[in-house]
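User: Please take a close look at one helix pair in this model and at the nonpolar packing around it. Then set it beside the rest of the fold.

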Amino acid sequence: MSTDPIQSYFTEKRRWQSWLDVEGALARVQAEAGIIPDWAGPVISVAANLDSLDLDALQANVRKTMAPVYALSRALAAASGPAGDWVHWGATTQNVIDAGRLLVLKDVQREIKERLGNVLRCLADMAETHSETPMVGRTNRQHALPITFGFKIAGWIDELVRVCDQLEECEDRLFVLRFGGAIGTFQSLGEAGLTISTRLAEELGLKPALYEGRAQVDVYVEYVSRLGMLGVAATRIAGELYEAMQSEIRELAEDLGHDVVGSSTMPHKVNPKLVVTLKADANRLRALGASAFAITPPSFEGDAVTNRELRGLVEDTVSRALSVSSGLKTVLDAVAINADRMAVTLSSSAEETALESVMMHLAPKIGRAAAHDVLHEAATCARDTGTALQTLVQSMPEVTNALDGETLARLFDPVLNTGQSAHVARQLVALGRERAKGLTSGPSESRKALATFGSAAQRS
């Protein structure tokens, strides 16, 4: 198998082994139920391992028949001796392919959640450390009001938690076994079909289906689109990091060591490297999520065209999601935070960013609209004349008659004007850590823990 932990999920051998896992479980269940001889089930189960098969012969048979599950079942039958007569009993190709895909996706889902848990822990640590680190908040790419860097990170945590919620919420619909034979109605297994399918689902760690047909694609469309939401969140995080690294801002940087070269022609350049890759991957993941809705709906009770489309889209999307979830942690680990630069930038617009706070203290005295108009006029005059805005404000009778000098001085201090930034940051630190812990447990336990946290947070 590939040594790349991402690509190894979708190698030919991994796919074959997932099918063998299904065939082995099917034999065990059918032997227990008396559908096949009781001695045959364990034999087939033991043989259902790639190490037991002649892979060269298998590959040659796949090329000849162009029917990989058929070829694999024949290879398993050959490796099972007399028990081989009972291999693939009552199953159809798509049953095995779909069930095998779900087994692989369960492993992928665990990996994605584990990686996102690591990201949330990292973000929580950063938000806690910088819960009170002041910086300027920006709207429409203009300086708006003072915030803290921890508050900014809290927004990233909040969005990623929702992504994790969405991924877990669809598990009950995605990981459902449909194993009803050629068309979903158990012609080959008769009345025992429902029992076999239910037991097989239990054996494979999946949910049994009420409807065993093969033509539903909505669960994969949902899963791919929700992975696309990870791309949406990661794009925002990467975008903010990337923009904060530009020369005009320089509040963040990538700490990659002195040997990293930014440009082959400009010796001074130290370009961001990791965040660029992350942003590109996240953009691609968003696009893949959107393309889920372009999947061709299957015709009638089964459609190989749709099956081929789904396989490619699902594998591409989950591979990209693994890359993005890993890339987020890699980037965050490399980010260097320049709190001094944040302070300098905030100070450069301290007068402007204080005006909302001044307005809200002035409003009870002269009315909110009047307070807004007075300060808007002051800001316009400062821009036109070059006069210091704070000086203008402190010379206006409408202001000085309502607010004393000490109050005005405090309102113009941006460090004292970050609102509830630190409190919000600390709340999201707790949520991020709680959610990260839940991502390594089952979905029901995870949601229960999150609900408990939410109730406690509302009481606090």
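**The H14–H15 pair**

The axes of helix H14 (residues 355-366) and helix H15 (residues 368-385) come within 7 Å and cross at roughly 135°. Axes here are lines fitted to C-alpha atoms, for helices over the stretch in contact, with angles from 0 to 180 degrees between N-to-C directions. Helices (H or I, at least four residues) and strands (E, at least two) are DSSP runs, numbered from the N terminus. H14 is therefore oblique to H15; angles under 35 degrees count as roughly parallel, over 145 as roughly antiparallel, 65 to 115 as roughly perpendicular and the rest as oblique. The crossing of H14 and H15 is right-handed, that is, the near helix is turned clockwise from the far one by less than a right angle.

This is a predicted model: local features need pLDDT of at least 70, side-chain atom pairs count only at pLDDT 80 or more, and totals for chains, interfaces and linings use all residues. Residues are numbered from 1 along each chain as its sequence is written, and side-chain values use heavy atoms, leaving out hydrogens and water.

On the H14 side, the contact (heavy atoms within 4.5 Å) uses Leu355, Val358, Met359, Met360, Leu362, Ala363 and Ile366. H15 answers with Arg368, Ala370, Ala371, His372, Val374, Leu375 and Ala379. By class, twelve of these residues are nonpolar, one is polar and one is charged. Ala, Val, Leu, Ile, Met, Phe, Trp, Tyr, Cys and Pro count as nonpolar, Asp, Glu, Lys and Arg as charged, and the others, Gly among them, as polar.

Ala363, Val374 and Leu375 also belong to a second, separate core of 22 residues, which includes Phe412. A nonpolar core is a set of buried Ala, Val, Leu, Ile, Met, Phe, Trp, Tyr and Cys residues joined through side-chain atoms within 4.5 Å; buried means under 20% relative accessible area (1.4 Å probe, protein chains only).

The largest nonpolar core has 110 residues. Those with the most contacts inside it are Ile112, Leu204, Tyr223, Leu230 and Leu241. H5 gives the most to this core, with 17 residues. Beyond its neighbours within four places in sequence, Leu230 touches Leu116, Leu160, Val163, Leu285, Ala321, Val324, Ser325 and Leu328.

Now a second pair. The axes of H1 (residues 12-33) and H8 (residues 193-204) come within 9 Å and cross at roughly 130°. H1 is thus oblique to H8. Their crossing is right-handed. Leu204 of H8 is part of the contact. By class, that contact has eight nonpolar, one polar and five charged residues.

Definitions and conventions:
Buried means under 20% relative accessible area, exposed over 50%, partly exposed in between (1.4 Å probe, protein chains only).
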